[in-house]
Amino acid sequence: MLLRSPLRHLRNEASSIKGLKARVFNRASGTYAGRSHNVPRLRIIGPTVWCLAAAGTFYLGCAGWEVYQDAKEAKKRRMWPASASSPVAYDQLEIARAAARTRDRYSGPMLEQISSGTFSNLAAADKMIAGTIGLNTVIHGICRLLPGLQWQFAHVPAGPFNYTLLTSMFGHGGLLHLGANMYGLYNFAPPVAQSLAFERSGAHLTAFYLSAGVFASLASHVTSKWASPRARRSGFLVPSLGASGAIFGVLGAWAMLFPDAQVGLLLLPGSLPAEEALMGIALFETYGLAVGFKSLNFGHAAHLAGLAIGTGYVYFDGNRRVWKPTRRFMFNQMKRLGMV
């Protein structure tokens, strides 16, 4: 008798969630109801252009913010030339940046620092990681209180919106889904941030994380027709949620940076070097994408895209080829506008 009320509540909650999914499915179907045979057409060019523009905005915006902060630090330390138009201005900015990195040296596990009340003293990259975990957790909590809100974050490939390629990164299907993603971010992002590829730059890590996430969402969007048995049955109308594409981007970067580090695989005993684990995960995701698992509903395309972005970014030295040129470009533009 005592169990009936909780069980009834769980059944009602499950029924309401199924109803919400059905409404999202029906709304996407209704968008294309006037087309012949009611078969939605998958948009490719628009979402691709949107993702390219979004990634460019992330990098330019984050680089501009970091340049502005570094200029303030340089002026504070009196390392700024008398004339900001001086050719040595950017070199001085880099020196001030190096001094800030020395000051923000690693000082222990992030949770220990936060629990001791020193969040404000965290390095910029650690603040980004803690803030991302906190934001995802808060959003999930609000969505639990307002279940209908969760599906406003979801990306439906047949839908008319591109911005959901970004918002879907901040919604999760359940507590286990959220916990697994945030656990991965907490474990893999700090060493990636400390590496020479990111140089403790919270702005750089933010731009990379968001860009990897939207391109992983795009990969899931493009392959939605055949990415899983469920997707094949319902065309382009299966909603996607989760930050796993961005997390796999961080994981790919970590495996390239620390190929000999030991990592355990889910549900398997022992551990493997990161390089071997990365190959195993890639094979698993490739099989899931090409053949599919009847009992698993993973975002294989998003996971593979994230791994490719993370490994490629480190292999081709994204810090030197992408981030630093973007910083210099933003410095020159901000100098012209008198912002630094």
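**View 1. Phe188, Trp254 and Phe258 make up one aromatic cluster.** Rings of Phe, Tyr and Trp (its six-membered ring) count as a pair if their centres lie within 6.5 Å. The structure holds nine aromatic pairs. This is a predicted model: local features need pLDDT of at least 70, side-chain atom pairs need pLDDT 80 or more, and totals for chains, interfaces and linings use all residues. Residues are numbered from 1 along each chain as its sequence is written, and side-chain values use heavy atoms, without hydrogens and water.

**View 2. Phe198 and Tyr313 are a stacked pair.** Their ring centres are 6.0 Å apart and their planes meet at 25°, so the pair is stacked. Planes under 30 degrees apart count as stacked, over 60 as edge-to-face, and the rest as tilted. Phe198 sits in the loop between α8 (175-194) and α9 (202-222). Tyr313 belongs to helix α13 (residues 300-315), 115 residues away. Helices are DSSP runs (H or I, at least four residues), numbered from the N terminus; strands are E runs of at least two. Both Phe198 and Tyr313 are buried. Buried means under 20% relative accessible area, exposed over 50%, and partly exposed in between (1.4 Å probe, protein chains only).

**View 3. Two spans carry the UniProt annotation "transmembrane region" (unreviewed entry), among them residues 163-186 and 236-257.** UniProt positions follow the numbering used here, feature names are shortened, and annotations may be inferred rather than shown by experiment. Residues 163-186 are 67% helix and 0% strand, with end C-alpha atoms 26 Å apart. Residues 236-257 are 64% helix and 0% strand, with end C-alpha atoms 36 Å apart.
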